[in-house]
Amino acid sequence: GKGSLMVSFRRTYLDVVRALSEPIIPSSKNFFKHTDYYFYDASLKFTHQLGTKTRLTLSAFGNKDKYSLIDQAYSVSNSMNWTNLAANISIKHTFTDAFNASYSAGTTYYDFKVNAGFNNYYFNLYSGVYDWYQNLDFSHQVNEQIRLKYGINYTRHTLTPNKIDIDVEKVSFVNNNQFFSNEGSVYFQSEVVLNQKISLAGGIRQTYFQHVGPYTHFNRNYE
């Protein structure tokens, strides 16, 4: 079979500018002295024709942003980090000129981190979302006027709304909340072409959402 591969990458260079400016600009006037910021991302897509009727596609994407402000003279440190990742594999098979099916599976990930410190006080915050999913879709051209699409989807969610770590002198506090859920759907839609200027489309979709464990729940008595 035949295939193709596409790869891309980009990056900012503020951290490089900061490093180059240090020998030129006096330390007391250098705006970049205590700060650092950059981001980069990369993507990949690979397509391969397994046969005359089957195509395989692999795709991936990732990026990261990082910012920091550190001033040792004042015992101050702050940083923020963002991360995005995604990957997918899909297979499409054409049974006939009028009927084809595609299956895809993949995962997505996002996190956000904040770290702050001043003297003996430290604060760390983490938040993230992790999903993995599967889709099975069909497309059927019944005739020149009617086209049908239907399929099923499933997604597993893992949500961390906040994970907090606080250290105040010799006292520490850690709070970690994480939730899990299942989400699924079944759909059916049709498109009817009445003439060259008018077409009608409609469909139905049934969804399902389930919050599952394990998780910890605290009952607080405010009286």
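**Close-up views**

**View 1. Thr47 and its contacts.** Leaving aside neighbours within four places in sequence, Thr47 is in contact with Lys2, Gly3, Ser4, Arg55, Leu56 and Thr57; contact here means heavy atoms within 4.5 Å. What you're looking at is a predicted model: local features need pLDDT of at least 70, side-chain atom pairs count only at pLDDT 80 or more, and totals for chains, interfaces and linings use all residues. Residues are numbered from 1 along each chain as its sequence is written, and side-chain values use heavy atoms, with hydrogens and water left out. Thr47 belongs to strand 2 (residues 35-49); strands (E, at least two residues) and helices (H or I, at least four) are DSSP runs, numbered from the N terminus. With a relative accessible area of 19%, Thr47 counts as buried (buried is under 20%, exposed over 50%, partly exposed in between, using a 1.4 Å probe and protein chains only).

**View 2. Thr155, a buried threonine in strand 7.** Thr155 is part of strand 7, and its relative accessibility of 18% makes it buried. Skip the residues up to four places away in sequence, and Thr155 touches Asp131, Trp132, Tyr133, Ser181, Asn182 and Glu183.

**View 3. The Trp132–Tyr154 ring pair.** Searching the whole structure turns up eight aromatic pairs. The ring centres of Trp132 and Tyr154 are 5.6 Å apart and the planes sit at 65°, so this pair is edge-to-face. Trp132 comes from strand 6 (residues 121-141) and Tyr154 from strand 7 (residues 146-168), so the pair ties together parts that are 22 residues apart in sequence. Trp132 is partly exposed at 32% relative accessible area, and Tyr154 is partly exposed as well, at 28%.

View 4. With ring centres 6.1 Å apart and planes at 20°, Tyr150 and Phe188 make a stacked pair. This pair links distant parts of the chain, with Tyr150 in strand 7 and Phe188 in strand 8 (residues 171-193), 38 residues apart. For the bookkeeping, rings of Phe, Tyr and Trp (its six-membered ring) pair if their centres lie within 6.5 Å; planes under 30 degrees apart are stacked, over 60 edge-to-face, and the rest tilted. Tyr150 is partly exposed at 25% relative accessibility, as is Phe188 at 37%. Tyr150 and Phe188 share one aromatic cluster with Phe95, Phe99 and Phe138.

**View 5. Arg11 over Tyr38.** Arg11 lies over the face of the Tyr38 ring, 4.6 Å from its centre. The test: NZ of Lys or CZ of Arg within 6 Å of the ring centre and within 35 degrees of the ring normal.

**View 6. Phe123 in strand 6.** Phe123 is located in strand 6 and is partly exposed, at 31% relative accessible area. Residues up to four places away in sequence aside, Phe123 touches Val114, Asn115, Ala116, Ile164, Asp165 and Ile166. Val16 is 107 residues from Phe123 in sequence and 28 Å from it in space, C-alpha to C-alpha.

**View 7. A nonpolar surface patch.** Val129, Leu159, Phe179 and Tyr215 make up a nonpolar patch on the surface, and together they have about 320 Å² of accessible area (Shrake-Rupley method, 1.4 Å probe, with only the protein chains shown counting as cover for residues). Patch residues have over 30% relative accessible area and no salt bridge; nonpolar side chains (Val, Leu, Ile, Met, Phe, Trp, Tyr) are joined within 5 Å, like charges within 9 Å. Val129 sits in strand 6 and is partly exposed, at 31% relative accessible area.

Technical notes: A salt bridge is a side-chain nitrogen of Lys or Arg within 4 Å of a carboxyl oxygen of Asp or Glu.
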